[in-house]
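This report describes a protein chain for a reader who is new to structural models. Please look at the sequence and the model together before reading on.

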Amino acid sequence: MDTLLSNPLLPTLYVSERPFPPFHNSFTNSSPFSATSPRNPKPNTLHFSANSTQQPAQHNLLFNDWPQLLQLSIRSKNLMLGQAIHAFLLKCRCQSDTDAFQGNNLVNLYSKLNRLEDARQVFDEMPVRNKITWTTLMKGYSGVGDYASLFRVAGDMFRGGERFNEHTCSVILEACGLLQEQRGGEQIHCFVVKSGLQDNVFVATSLVSMYSRSDCLGDAEKVFGDMEYRDVQCFNYMILEYGKAGCGEEAIGVFIDLLSSGLDPNDYTFTNVISACSGDVGVQEGRQLHGLAVKYGVLCETSVGNAVITMYGKHGMIEEAETMLYALEERSLISWTAVLSMYVKNGCVDKALDVFLRVHDLGVGCDSSFLCAVLDACSECRDVELGRQIHSFVTKLSYDSGVHVGTALIDIYAKCGNLQSARLVFDGLSGKNTASLNAVLAGFMGSHIHVEEDATFLFNQSRYDGISPDSITFSRLLSLSAEEACLVMGKSLHSYAIKAGLEANSTVGNAMITMYAKCGSIEEAFQMFNGMNSHDCVSWNAIISAYVLHGEGTTSLMLFENMKEEGFAPDGITLLAILQACSYSGLWETGLCLFNEMELKYGTRSVIEHFGCMVDLLGRAGKFSEAIDFINTSPFPDSPMLWRTLINVCMLCGNLNFGILASKRLLELEPDEAGSYILVSNMYAGGGLFDEAAKVRTVMNDLKVNKEAVMIEVISAWSQILYNGAHATRSLH
């Protein structure tokens, strides 16, 4: 307290131990601080005369209005003012042994200003406490994220015989929800029922929040459904939680119930329900909600406008989103972030970067969310130089060590193949997490160099740093093991996934199937498939592709029929694998029939990879003339990939005549591609025409075609795309 009294502001609040001088009504135009006459001018400072002989009953300004001054201190975040009022109260010795009012206000002051040690000291020295005292201190601990202290105070309160009220229960439930501590929340729920507080809308809303945050949406629905009375805030919260869970239809259902109950929705209502218009809810519902927002006069609120922009952006309606942006009276950084993210999502990278420049020119301060969106734009356009410039800008703003911005930076460098810079950013992060680790692993996956040891070292180092791997981590590491054909590493990851409790995860299980197949263990791949608790379309694609990879086309076709019997609709990856199975098994008629009915029967549009597979199928069946006609009548007659596929199958079957025809067409399409010349030269050499092979090499040298780092795969190009596509599907899921 000596420190408090040494504050230079405190002389104006000094009070002697003698009686207080009289003060008139405070905060009036007439001399509020005058001790003699209301007409005296207002002094600059407040003085308490040591010679005053007035009675204590004649209260002064501070004695009457210190609670309001404490509130002013909280609103202005002026700690020194609050400490000065505290010192004044101590000097007055006006603490009551039967009333906790003064102590409660001081605990609230220090809690709101995040001075929990001071709040606890005031709390400990209070001669009497009530429910408000305990609850205020718990709210203070909740505000700084010290939930362990919050629960200790709650335990002390309960053991001390002080019963929880609705506010106490709500504070504890909020902490349980944030920590996803369902068991503790259920205990408070039991106390609520026992105490008859379940009908209190404040407590019930907190229960809905707790169960929702603990991933128990069904329990939240039950609490919400059992409520006798619901206010707008309660409806808003249920809509919000449905939106977070991706249950758009349910969110709109709650919104309709709100309207039916006679309550008027507010801006928070529309912000939440419009934000829920994604997934299973289409743009038509979003348009109707947009119209209702206009009707209720809340569209002028920036939060509602931002939600409308985001909703249109998710559905690719760029013009509508732009119109909404320009209609906003006040555009916040969230507005610009929503538009920028929309441009990135819809491939309008140039417009996204224009938004960044415009925000910078306007002098609007950037936050981490906005910077992450800008970095995503750089990542999409694979522009590492632009990414470095943004990196410098981020460093200037001191955001580079933050985990979210850092992860976005890692993503840029990883996608651009600059693994060294990605690792440097990762190592410099102040708080690494699973997402940043996964971003680096994604860079390893896209690299064409040997990365097994680096990825393993990074993974082990992250484990020692306390980063827990998730399903995406295991999926990417297993994919790296598959690409390196490293069965030992794959089995080690399998064991660790079991230990981590992630073996039953479909993403991890699907990656394991592909890993075992590419490492040559088709039996363990099938065992993994059979051991899965449930299958999805990706699981079927993985096991079908596994048998195709091992040349067992008949088994693949059998699994394809089983997949359809289980009620799964084949997608483009499935049909690509089955076409390859038909090619390996010599079932060219079956493959041709399947190709012709892809769109009609399965709703899948044929892409270039399917056409490439059909060229290989016809070539293996000896239908080279039909294969050439197929290419010329396809939507891709000038695709080098299709002609390369035909040359590969001609080499495989030893048909040099059609190979020469295909090679001439290929060199017409790619006269500057070294890989095409090498492929044609190898075809001639394989047919014994060494002079022709030498001529092709000579032409390539004369044209000075770049041969650097050229490698021609013997297998067809579409075969590689098949497994890359299967992995991409797994990553999306």
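Leaving aside its neighbours within four places in sequence, with which residues is S471 in contact? The residues are L502, N505, T507 and V508, where contact means heavy atoms within 4.5 Å. S471 belongs to helix α26 (residues 471-484).

The model is predicted: local features need pLDDT of at least 70, side-chain atom pairs count only at pLDDT 80 or more, and totals for chains, interfaces and linings use all residues. Residues are numbered from 1 along each chain as its sequence is written, and side-chain values use heavy atoms, with hydrogens and water left out.

**The chain as a whole**

The protein chain has 41 helices and 0 strands. Both terms refer to DSSP runs numbered from the N terminus: helices are H or I runs of at least four residues, and strands are E runs of at least two. Of the 733 residues in the protein chain, 49% are buried. Buried means under 20% relative accessible area, exposed means over 50%, and partly exposed lies in between, with a 1.4 Å probe and protein chains only. When contacts between residues at least 6 apart in sequence are considered, 62% join residues at least 24 apart.

**Accessibility of selected residues**

| Residue | Relative accessible area | Class |
|---|---|---|
| C169 | 0% | buried |
| S170 | 6% | buried |
| M641 | 12% | buried |
| S471 | 17% | buried |
| C593 | 43% | partly exposed |
| R382 | 46% | partly exposed |
| A485 | 48% | partly exposed |

S170 is located in helix α8 (residues 166-178). Not counting residues up to four places away in sequence, S170 touches F202, V203 and S206. The side chains of S170 and S206 are also joined by a polar contact of 3.1 Å. A polar contact is a pair of N or O atoms within 3.5 Å; within protein, one must be able to donate a hydrogen and the other to accept it, and residues adjacent in sequence count only if both atoms are side-chain atoms.

M641 is part of helix α37 (residues 640-653). The C-alpha atoms of M641 and L666 are separated by 8.9 Å, and these residues are 25 residues apart along the chain.

Two residues other than glycine have a positive phi. For R382, phi is near 55°, and this residue is in the loop between α20 (368-380) and α21 (384-396). For A485, phi is about 55°; the loop between α26 and α27 (487-499) holds A485.

**A pair of helices**

Two packed helices are described by the angle between their axes and the distance between the axes. Helix α31 (residues 553-565) and helix α32 (residues 572-585) have axes that come within 8 Å and cross at roughly 145°. Axes are lines fitted to C-alpha atoms, for helices over the stretch in contact, and angles run from 0 to 180 degrees between N-to-C directions. On the α31 side, G553, T554, S556, L557, F560 and M563 take part; they meet T574, L575, I578, A581, C582 and S585 in α32. The residues of this contact divide into 7 nonpolar, 5 polar and no charged. Here Ala, Val, Leu, Ile, Met, Phe, Trp, Tyr, Cys and Pro count as nonpolar, Asp, Glu, Lys and Arg as charged, and the others, Gly among them, as polar.

**Cysteines**

How many disulfides does a search of the whole structure find? The search finds 0 disulfides, a disulfide being a pair of cysteine sulfur atoms within 2.5 Å. The closest cysteine sulfur to that of C593 is in C582, at 9.6 Å, which is too far for a bond.
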